[in-house]
Amino acid sequence: MKIAFFGTPEFCVPSLEALIQNTRYSVVCVVTQPDRPGKRGKDLIPPPAKVLAQKRGIPVFQPERISKEIDTLFSTIEKPDIIVTCAFGQILRQNVIDYCKHGVVNVHASILPKYRGACPINFVIIKGETETGITIMQTDIGIDTGDILLQVPTKIGEDETAGELSARLSVIGADALVKTLDLIKSGKVKRTKQDDSKSSYYPMLKKSDGKIDFSKTPKEIVNFVRGMNPWPMAFAESNLGDIRVHKASVKYGELQLDIVQKPGGKPITYKDFLNGHKDFKLG
């Protein structure tokens, strides 16, 4: 089966690697987002999917809008049988969905129909869920609304951050993807319609979304801090500027900040931070 792989960040790398290593499949190209400026705004940084593809000698395309350029891009390669998407970062139009024999299959980091959208991993933690997982779905014109092909649940660690959970789910997703493609290839895949009445949706996070609401309960704030780590990071306003909170906990029923970072500084324990900033005040 010939596959066009659409993916961008580190989360998609295990899925792409699994397809490359599987002799039953041939990755004919990787479509990913354009290179973006780094933190200093000078050098352009290639997305992880591009780095892996180039290392493996796979053609890479980086269109601003794949829906407008798909015919031109794919005119230079053998037409794929299926498109696999995994954290690609662009909404697909009908012309892309209908382009291949087997359509588009997506690796989504939640147990659909709950937690549709761009940031399911962050919000399952913020909302205090104890279980999440991977859904392999058949993409349709909606946002994460297509038929479910395979689901793999997993427990969320009590102290697990969004970054840690993302790393685990990326590996689970790679295994689930290969299993699903095997089912499609053999004609044994089963499609289950999503129950839209049970759905929830969470859009892309912004840096400003990391502001801590101290009117929440201590447990809610701890979950918020976990869900915002490593990006956009939870922060608290103070007389020293916005203080990033890397880790928090509940001790004796009260909120405790454990690891914090002042503007321009490094993450340190809250105790050491207070020892060095006697005039520190939140708010």
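I took exposed as over 50% relative accessible area, buried as under 20%, and partly exposed as in between (1.4 Å probe, protein chains only). Helices are DSSP runs of H or I with at least four residues, strands are runs of E with at least two, and both are numbered from the N terminus.

The model is predicted, so I kept to its limits: local features need pLDDT of at least 70, side-chain atom pairs count only at pLDDT 80 or more, and totals for chains, interfaces and linings use all residues. Residues are numbered from 1 along each chain as its sequence is written, and side-chain values use heavy atoms, with hydrogens and water left out.

**H3, buried side.** I listed Ile66, Ser67, Ile70, Leu73 and Phe74 as the buried residues of H3 (residues 66-74). Seen down the axis, they fall within an arc of 100°, so they line one face of the helix. The arc is taken from the directions from the helix axis to the C-beta atoms. An α-helix has 3.6 residues a turn, so residues three or four places apart point the same way. Strands S1 (2-7), S2 (26-31) and S5 (60-61) and helix H4 (94-97) are among what covers these buried residues.

**Asn229.** I found Asn229 in the loop between helix H7 (218-227) and strand S12 (234-236). Asn229 is buried, at a relative accessible area of 15%. I checked its contacts (heavy atoms within 4.5 Å). Leaving aside neighbours within four places in sequence, Asn229 touches Thr161, Ala162, Gly163 and His246.

I counted strands as paired if DSSP finds at least two bridges between them. S12 and S13 (residues 243-251) run antiparallel and are joined by three bridges. Ala236 stands opposite Ile243 in S13. Six residues lie between these strands, and Gly241 takes a positive phi near 100° in this hairpin.

S13 also pairs with S14 (residues 254-261), antiparallel, over seven bridges. Here Ala248 stands opposite Leu257 in S14. This hairpin has two residues between its strands, and Tyr252 takes a positive phi near 55°.
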